[in-house]
Structures are given as C-alpha cells and as structure tokens.
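Biologist: I am new to this structure and would like to go through its contacts with you. Could you show it to me?

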Amino acid sequence: MTAQINGFTNSDVRISTQELLQQIYAALDRGETDFEMVTSGQHDIGGPLWSADGKTLKFKVKNPGQRVGAFGLEGTQIIVEGSTPADAGWLNAGAELIIKGDSGDTTAHCAASGKIFVAGRVGTRSGSLMKHDPAFPSPELWVLKNTGSFAFEFMGGGTAIICGIDCDQYDSILGDRSCMGMVGGTIYVRGPVKNLPDDVWLLDLNAADINFLTAGLPIFLDHIERQQYLEFLTDFSQWHKISAKSEDERRLRKNMRPTMHEFRLGKWVDEGGIFGGLINDDYTHVAGLVNIGADRLKVPHWQNKAFCAPCEASCPSAIPTQDRINLLRQGKYKEAVELVLNYSPFPASVCGEVCPNPCMDACTRQFIDLPISMPELGKLSLEAKSPQPKADSGKKIAVIGGGPGGLSAAWQLRLLGHEPTVIEADTEVGGKLRQVIPTDRLPANSLTTEIDRIKKLGVKIKTNTAVDADSFKQLQSDYDAIVIASGAHTPVVIPFPGHERLVKGLEFLKQFNSGDKPTVGENVVVIGAGNAGMDVCLGAYAMGAKQVTAIDIQRPAAFQKEIDHFERLGGKIEWPVFTDKVDAQGLHTKDGRLLAADTIIISIGERPDLSYIPSEWLDERGMAAVDDCGQLTHAAGVFAIGDTIKPGLLTHAIGHGHDAADYIDSYLQGDKLVAKPKPITIPAENLSRELFRPHNRSRFNLTDATKETNRCLSCGTCRDCSMCLEACPEGAIHRDEKEDGGFEYVSDEQYCIGCGICAGICPCGIWGMEQMV
C-alpha cells in the first residue's frame with residue numbers, strides 16, 4: 001500500500017514543512033514504505049529516514065522545496081517528477097535521488113555516498129565538497145546537461161559525470177572557475193571546459209574509465225527515462241576526465257617557487273623581512289593546517305557525568321533518571337528499578353502518583369516530541385527490593401515526624417548504617433500522603449507497600465507519640481542527632497469577618513481520608529485552588545455536595561489534570577476573587593458579589609507547629625532557623641527539613657530528608673559540614689537532538705515504561721552508543737573496559753586532529769572541545 005502525502009489541507013491551504021514531515025513519520029510508524037507526495041515547496045523531504053524492518057523507502061515527489069534528499073540514507077529512493085530548487089542531495093549519505101528535470105544550486109553539496117541522477121542542468125557550486133569515506137560506497141553525481149559556475153569547488157572524493165547534452169551554445173559545460181581547490185575525486189565531462197585551475201589535470205579516458213561509463217550510462221539513462229541518448233553518449237572520443245594533481249605533481253609544476261620554510265626565513269625573519277629583528281625563530285617546526293598532539297588548537301575530552309541531566313537537576317530528590325534508563329538499556333532491569341531507592345523510598349507513591357514531576361518539565365525530549373514518562377518509570381519500582389545497609393554504626397537518631405520527609409531521612413540514615421527512630425503523633429506513619437491525598441490520586445496499596453519496605457529495612461517507628469518541649473529535651477539526651485520533620489499541619493486562616501464559620505481544609509481531608517465522612521451542604525465554596533484545594537473540592541462532591549465552586553486570588557496552582565477532573569464533575573473555578581466576609585448566606589467578595597454557600601472550606605496552606613523547640617531557634621517567619629546544611633543555627637546536631645523550614649512539594653521533603661541524612665552522617669563522624677554544591681546542568685547546545693526521530697505527539701501512547709530507553713537522550717551520561725568511535729575520521733577513539741565493569745572512551749592524541757566531530761555527533765553531550773594549553 002502506498003501512503004499518500006499532501007502538502008495542502010482539504011481547503012487547499014499549504015501546510016508547514018513540520019506538519020508534512022509529521023505525516024511522513026506517522027506513516028513510517030504504521031509500517032508504510034512507499035510514498036506518493038504532492039507538495040508545495042516543503043523542504044527536507046526524504047531524509048534522514050529509515051524503516052524499522054530495513055525495507056527500502058520509496059518517495060515519489062512533485063514540487064519539493066529545498067534540501068530534497070538531504071542527509072538521505074542508504075535504503076532510500078527519491079524520485080522527483082520535475083525540477084528541484086537548491087541543495088538537492090545535500091550531505092547525501094547513501095540515498096538514490098532521481099530528478100527528472102533541472103536541479104538548483106549546490107546539488108550534491110557535501111555528498112558523501114549514494115547516487116544522484118539529474119535529467120537536466122544543475123546550478124552553481126554543485127558537487128562542491130563532495131567527499132569519499134573508504135568505509136562506504138563513493139558518491140556519484142550524474143548530470144545529463146551541464147553545471148553552473150564554481151562547480152566542484154574543494155571536491156575531495158566521489159565521481160561526477162557531466163554529459164553535455166543540449167549544450168552547444170556554451171563554451172564550457174562546467175561554467176566558470178570550476179574545480180577550484182579540488183584535491184580528490186574524478187569528473188567525467190563530455191564537451192568543452194574552460195578556466196580550469198592549474199591544480200587539476202584534463203586527461204583522455206583510459207580503459208577503466210570507459211568500462212565505468214559503459215556500465216553506468218545505461219542505468220543513468222533508464223532512471224531519468226532518456227534512453228535515446230545512449231548511442232550518442234557512448235562515443236567516448238568526446239569525453240575527458242578531470243583529476244586533481246597530487247602534492248608532488250603540484251610542487252613539480254611550481255618548482256621555481258621557494259618552499260614555505262624558505263619563504264618564512266627569507267620574507268619574515270631575515271634582515272629586511274616584515275618580522276626582522278622582532279622574532280627569533282628558525283621555523284624548524286611549524287604547525288600545519290591539520291595537526292595532532294600539542295599542535296592542535298582544541299582537544300576533545302570525554303566528560304561523562306561532568307554535567308547533570310536537566311531531569312536530575314530539577315528533581316528535588318535528585319533522582320538520576322538517565323542512569324536508571326541506561327541500566328534498562330543494558331537489560332539490567334533489577335538494578336534499574338532498585339537504583340531509585342538510593343534516592344527516595346517512595347518511587348511509586350510520589351514519583352509515580354502524586355508528584356507534579358518537575359523533571360518532566362525540564363526533560364530535553366519534550367523539545368523533540370514528549371518528555372520521558374517519569375510516573376510510569378516510578379511505578380516500576382513498587383516491588384523493588386531495598387538496598388543493603390552499611391554496617392551498624394551504633395549511632396541513634398530521632399526523627400520527629402513520619403511524613404515523607406521524615407521517612408526519607410530515616411530510610412537514608414538506615415542505609416548509612418545508623419539506627420533511626422521515627423516518632424509520629426498519628427496512629428500510623430505516612431503524613432499527608434496517608435492523611436490528606438485521596439485514594440483515587442494515591443492508591444492505598446502503593447503507599448502501604450512502600451511504608452512496609454521502610455519498616456522491613458529496620459527503621460524503628462513509634463506512633464501515637466506527640467513531642468512537646470520536655471520530651472524534646474529528653475530526645476536530645478537520648479539520641480546522637482535529631483531530625484525535625486513534623487511538617488506543616490496548622491491551617492492558615494485569614495481573619496476576615498466570619499472566619500470562625502470556615503471549615504479548615506486540612507482537617508476536612510483528614511476526616512474524609514480516615515472514613516469519618518464529614519458533613520457538607522449542597523452548595524460548597526472552597527477558598528484556594530491549589531492541589532490541596534482540588535482534593536477538598538473532590539472530597540466535597542464525594543460527601544454529597546451538589547455544586548462546588550473554588551476561588552483563588554491568583555491563577556489556580558493545581559495540576560491541570562486535577563482541574564479537568566473537578567470541572568468534569570460540574571465544579572467551577574473563579575479567579576481572581578478577594579473575600580470580604582463570610583456569613584450565613586455564604587461568601588461575600590470585595591466587588592460586592594455573594595457566592596451562596598452552605599459550607600465554606602479554606603485551603604490556602606498550612607504552617608508548622610514548632611512549639612516544642614525554644615522560640616529563639618525560629619526565624620522571623622516562625623520556621624526553624626537553619627544554616628546551609630539544614631542544621632539549626634542554635635542547636636548543633638539538630639536538623640530540620642521539609643515544611644518546617646520552607647513550604648514545598650512532597651518531593652522537596654524527600655530530598656531534604658536525603659540531604660539531612662548525609663549531613664548527619666558527616667556530623668557523627670566529626671567532619672566539618674559543607675553544603676552540597678548545586679549541580680551544573682548540561683548546556684542545551686551540547687546535545688544533538690536532531691539525531692533522534694520524533695514521534696507524532698498526538699499518536700504517541702506509552703504502554704511499557706521500559707521502552708523509554710529508545711527515547712531518552714541520556715543527557716550528560718554516556719549511553720555507550722559508540723557513535724563517536726565510528727564517526728572519528730582518524731580512528732583516534734577507542735573504548736576501554738574498566739575492572740569495575742565500567743567503561744571509558746579515550747581519544748589518542750597521537751592520531752586525534754582536534755576536528756570536533758566526536759563532540760558534534762555525540763547525542764548525550766559527553767565530548768567537550770577545550771582549548772589546547
């Protein structure tokens with residue numbers, strides 16, 4: 001079946017190149033390999049593309065734009081019915097391009113492989129910079145008529161055949177100033193040529209040349225449907241060959257000129273020279289245009305993990321997803337799902353269910369199609385086994401609060417070999433994960449499974465134990481260090497008239513999640529449209545409300561999916577709305593409106609209750625006053641995390657808990673505490689996004705998170721693809737295996753010329769080019 005691609009909408013409006021390419025990608029995803037295309041100047045048609053099963057891709061195109069067949073790969077055939085504009089076959093890497101008309105300027109520019117057949121003329125600078133890598137078939141450019149001026153500039157390899165049909169009016173079928181700077185390759189010409197540079201030979205054909213043309217001309221003429229010219233073109237007395245002179249041949253011709261060494265000594269540094277008396281140099285060693293070793297201007301360095309991936313840098317828990325996906329790519333599923341437990345004990349509950357995933361907002365893949373699906377990756381680790389803790393240190397740490405931050409700190413402390421005890425005022429640990437978030441957002445099984453994993457690791461837990469000032473002092477006496485992780489559970493209430501009528505959102509959610517079924521009226525107004533506010537709204541509907549309206553003084557901060565869910569239930573959101581007062585009728589706004597309500601719930605945040613520590617330990621906001629390492633400025637060995645120092649996400653608390661555990665470990669060893677440096681994110685320009693084929697966003701459907709290995713760029717971390725090793729023109733890069741099972745790519749300065757191709761081809765941004773010192 002042939003895919004029909006149209007460059008116009010149904011109403012005959014031209015679509016963009018990007019939209020047309022998306023149609024091609026979608027057809028490839030369906031397994032299509034034959035394409036018929038009616039276009040309107042859309043560019044970049046035909047490459048670089050390939051089929052999943054290796055079948056040949058065939059394109060029949062009418063009216064293409066620039067760069068048709070650019071970057072075309074082996075296994076691609078492009079037939080253009082008519083002429084093409086500039087850059088046809090630019091950087092061709094193996095495709096067969098058949099143009100049944102004229103072709104514009106720079107046809108076959110930089111072509112490295114493949115064949116280009118043109119049934120007419122080609123424009124200026126066609127064939128320039130053609131080259132040949134001996135590892136691949138040589139590029140060929142067949143032209144029925146003639147070329148424009150400056151053709152084959154700096155040609156370094158490949159073969160061009162210019163047949164000179166219908167060119168009697170021209171005194172040169174190669175135009176003017178062709179072959180300038182030519183250093184390699186062969187050009188067969190039929191007809192007159194003029195103004196060739198001294199650096200090339202114009203030769204008669206030998207037997208090998210005739211054999212080549214005899215074999216190739218019938219194929220060329222068949223492709224362009226001009227078989228009538230075969231007998232005419234096989235009169236080889238009309239043909240000549242242009243070849244570049246060797247270095248020795250050029251020198252022989254110019255033997256009257258001084259060598260460069262003689263020129264430098266005679267014209268530069270000798271008496272009367274332009275640098276005479278200023279430079280004392282005999283120029284016995286002069287760096288060439290292409291150099292190795294110390295003569296290179298820049299040198300490559302393999303900078304694996306020198307930079308942080310955007311996802312890791314933006315994750316408050318610092319989870320290196322690129323490492324997790326690299327393990328999956330290597331087939332190490334067990335290691336991959338267990339890796340995340342070194343950073344968070346809640347990969348399924350938080351990453352997989354309730355986190356807003358700032359990592360996805362930073363993911364480089366979003367600029368290609370869609371970000372990597374972090375929630376699905378997180379859920380893979382639900383049943384993962386715990387890492388093995390270090391040997392017991394004998395040190396005891398009290399963790400006040402069994403929310404996600406406290407449990408994270410306890411988890412990490414236990415992995416470090418210490419003995420943490422979580423002290424929780426509620427009947428069970430979990431904090432707001434258990435108390436506040438509805439089970440339709442966080443399945444109970446996920447949370448229970450992950451809390452059980454924490455308990456099995458050896459974390460001690462004391463529930464139904466509130467901490468006051470006296471018991472806190474006792475904890476200081478009984479434990480080697482303390483983590484304050486009691487969170488924020490005191491609802492913020494604005495003291496406008498009637499505020500005593502308000503239901504506090506946190507208390508409502510705690511009752512709702514515990515099964516107490518709090519009573520609400522038919523009309524409910526919720527002050528606050530963040531995620532907690534949306535949870536309150538959904539809870540109000542579940543408790544029988546007929547109409548729920550959420551208001552806020554600013555754009556709602558809730559996740560869009562939570563807002564969409566609420567609105568599907570019939571909920572309304574209004575903003576900006578400023579409350580004037582609350583009475584029996586409902587909520588009165590400052591602009592004079594009445595929002596009638598039986599129940600008004602406020603959910604605009606919470607404050608921590610730190611009454612159990614001395615007031616001088618608090619800052620002006622009523623939060624714990626800590627230094628850059630999270631240690632209280634007035635109490636050595638006491639650390640505070642999460643909402644007790646700054647409002648944040650659940651994942652912020654988890655990350656704080658990890659950091660606190662590391663700082664406590666250093667504190668217990670008597671080390672000076674030094675704040676962790678902020679990781680440096682890899683610059684976007686280091687990455688080669690263009691090497692990855694985009695998926696159609698509207699059709700992409702992830703059914704297996706392990707398949708994200710095909711999409712992750714592995715920013716800043718080598719994915720061991722060996723593209724640098726294969727692409728290095730000098731073969732200077734090799735891969736070294738290490739004793740610990742790792743690897744390293746090394747550039748040998750004996751062969752490396754500092755060209756930077758390794759840095760340009762690396763999809764992960766690992767290779768960096770640095771100035772030679």
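Modeller: What follows is a conversation about charged pairs, aromatic rings, a surface patch and some strands. This is a predicted model, in which local features need pLDDT of at least 70, side-chain atom pairs count only at pLDDT 80 or more, and totals for chains, interfaces and linings use all residues. Residues are numbered from 1 along each chain as its sequence is written, and side-chain values use heavy atoms, with hydrogens and water left out.

Biologist: How many salt bridges are there?

Modeller: The count is 34 salt bridges, where a salt bridge is a side-chain nitrogen of Lys or Arg within 4 Å of a carboxyl oxygen of Asp or Glu. One of them joins Arg441 to Glu562, with the closest N and O atoms 3.5 Å apart.

Biologist: Which parts does that pair tie together?

Modeller: Arg441 is in the loop between α13 (432–435) and α14 (444–457), while Glu562 belongs to helix α18 (residues 560–568), so the pair ties together parts that are 121 residues apart in sequence. Helices (H or I, at least four residues) and strands (E, at least two) are DSSP runs, numbered from the N terminus.

Biologist: Are Arg441 and Glu562 buried or exposed?

Modeller: Both Arg441 and Glu562 are buried. Buried means under 20% relative accessible area, exposed over 50%, and partly exposed in between (1.4 Å probe, protein chains only).

Biologist: And what does Asp580 pair with?

Modeller: Asp580 forms a salt bridge with Lys590, and their closest N and O atoms are 3.9 Å apart. Asp580 sits in strand β22 (residues 579–583) and Lys590 in the loop between β23 (586–589) and β24 (594–596), 10 residues apart. Asp580 is partly exposed at 33% relative accessibility, whereas Lys590 is exposed at 57%.

Biologist: Which residues make up a network of salt bridges?

Modeller: Salt bridges link Arg365, Asp369, Glu708 and Arg711 in a network.

Biologist: How accessible are Phe117 and Trp142?

Modeller: Phe117 is buried, at 2% relative accessible area, and Trp142 is buried, at 2%. Phe117 and Trp142 also belong to one aromatic cluster with Tyr188, Phe212 and Phe220.

Biologist: Which charged residue lies over the face of Phe150?

Modeller: Arg125 does, at 4.7 Å from the ring centre.

Biologist: Which residues form a nonpolar patch on the surface?

Modeller: Ile274, Phe275, Leu278 and Ile279 do, with about 400 Å² of accessible area together. Patches are made of residues with over 30% relative accessible area and no salt bridge: like charges are joined within 9 Å, nonpolar side chains (Val, Leu, Ile, Met, Phe, Trp, Tyr) within 5 Å. The areas come from the Shrake-Rupley method with a 1.4 Å probe, and for residues only the protein chains shown count as cover. Leu278 is in the loop between α5 (260–269) and β12 (298–302) and is exposed at 69% relative accessibility.

Biologist: Now the strands. Why is β13 described as largely enclosed?

Modeller: Strand β13 (residues 396–400) has four of its five residues buried, so the rest of the structure largely encloses it. β13 pairs with strand β14 (residues 419–423) in the parallel sense over five bridges; strands pair if DSSP finds at least two bridges between them. Val399 stands opposite Val422 in β14.

Biologist: Which residues are on the covered face of β29?

Modeller: In strand β29 (residues 743–747), Phe743, Tyr745 and Ser747 make up the covered face, and Glu744 and Val746 the uncovered one. Strand β28 (residues 733–737) pairs with β29 in the antiparallel sense over five bridges, and Glu737 stands opposite Phe743. The hairpin of β28 and β29 has five residues between the strands, and there Gly741 takes a positive phi near 95°.

Note on methods. Rings of Phe, Tyr and Trp (its six-membered ring) pair if their centres lie within 6.5 Å; planes under 30 degrees apart count as stacked, over 60 as edge-to-face and the rest as tilted. A charge sits over a ring if NZ of Lys or CZ of Arg is within 6 Å of the ring centre and within 35 degrees of the ring normal.
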